[in-house]
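Thanks for asking me to look this one over.

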Amino acid sequence: MRRANERRAFLAVALLYAASASGCGGEEKPAAPTQAPPAKPEPASPKVPLVAPPKAADWCGEHGVPESACTRCNADLVPEFKKKGDWCDKHGLPESQCVTCDPAVAEKLKALAPAGK
Ligand SMILES: [Zn+2]
Ligand SMILES: [Zn+2]
């Protein structure tokens, strides 16, 4: 029984050596029984993305403010700003967008603007 064990051990070492020797040349591994996933037939589905492509940017290039906060494009936003007390009557703009009243606003908006706009 001892002999058989030794033989097996030798065989294992030899195999190991062979494996490591053949693997030292490159990244190629000895042919292993890799399980190729069965080619799944793609269900015939319309090529429509699940999610709508995101808007390029929430930015109103025309008025230099976030589109979602552009009162000049969307007058519905005006009451919201007025309610918040963020409104410049003189210029008909949210105070937070009124560069005429506060030049610093221009800098802030510039920082918000997406690149290339
Ligand atoms: Zn606008
Ligand atoms: Zn103003």
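Which residues does C98 touch, leaving aside those up to four places away in sequence?

1. The contacts of C98. The residues in question are C88, H91, L93 and V105. Please keep in mind throughout that this is a predicted model.

2. Where C98 sits. You will find C98 in the loop that runs between helix 2 (78-84) and helix 3 (103-112). Its C-alpha is 8.6 Å from that of W87, and the two residues are 11 apart in sequence.

3. How exposed C98 is. There are 17 other C-beta atoms within 10 Å of C98, so C98 is partly exposed. The reasoning here is simple: a residue needs 20 or more such neighbours to be buried, and 12 or fewer to be exposed.

4. G92 is exposed because 11 other C-beta atoms lie within 10 Å. Across the chain, G92 and T71 are 21 residues apart, and their C-alpha atoms are separated by 9.0 Å.

5. The end of the chain. A115 belongs to the segment after helix 3. Is A115 buried or exposed? A115 counts as exposed, because it has 5 C-beta neighbours inside 10 Å.

6. The overall layout. The protein has 3 helices and 0 strands, and reading along the sequence gives the pattern α-α-α. Of its 117 residues, 8% count as buried. As for contacts with a separation of 6 or more, 19% of them come from residues 24 or more positions apart.

7. Confidence in the model. The mean pLDDT of the protein is 80, with 63% of the residues reaching 70 or more. Which element has the lowest mean pLDDT, and which the highest? Helix 1 (residues 2-23) has the lowest, at 66, and helix 2 the highest, at 97.

8. C98 is partly exposed, whereas G92 is exposed. H91 and L93 are among the residues that C98 touches.

Notes:
Residues numbered from 1 in each chain as written. Chains lettered and ligands numbered in written order. Predicted model: local features only at pLDDT ≥ 70, side-chain atom pairs only at ≥ 80, totals over all residues. Helix = DSSP H or I, 4+ residues; strand = E, 2+ residues; numbered from the N terminus. Contact = placed C-beta atoms within 7 Å. pLDDT = per-residue confidence, 0-100.
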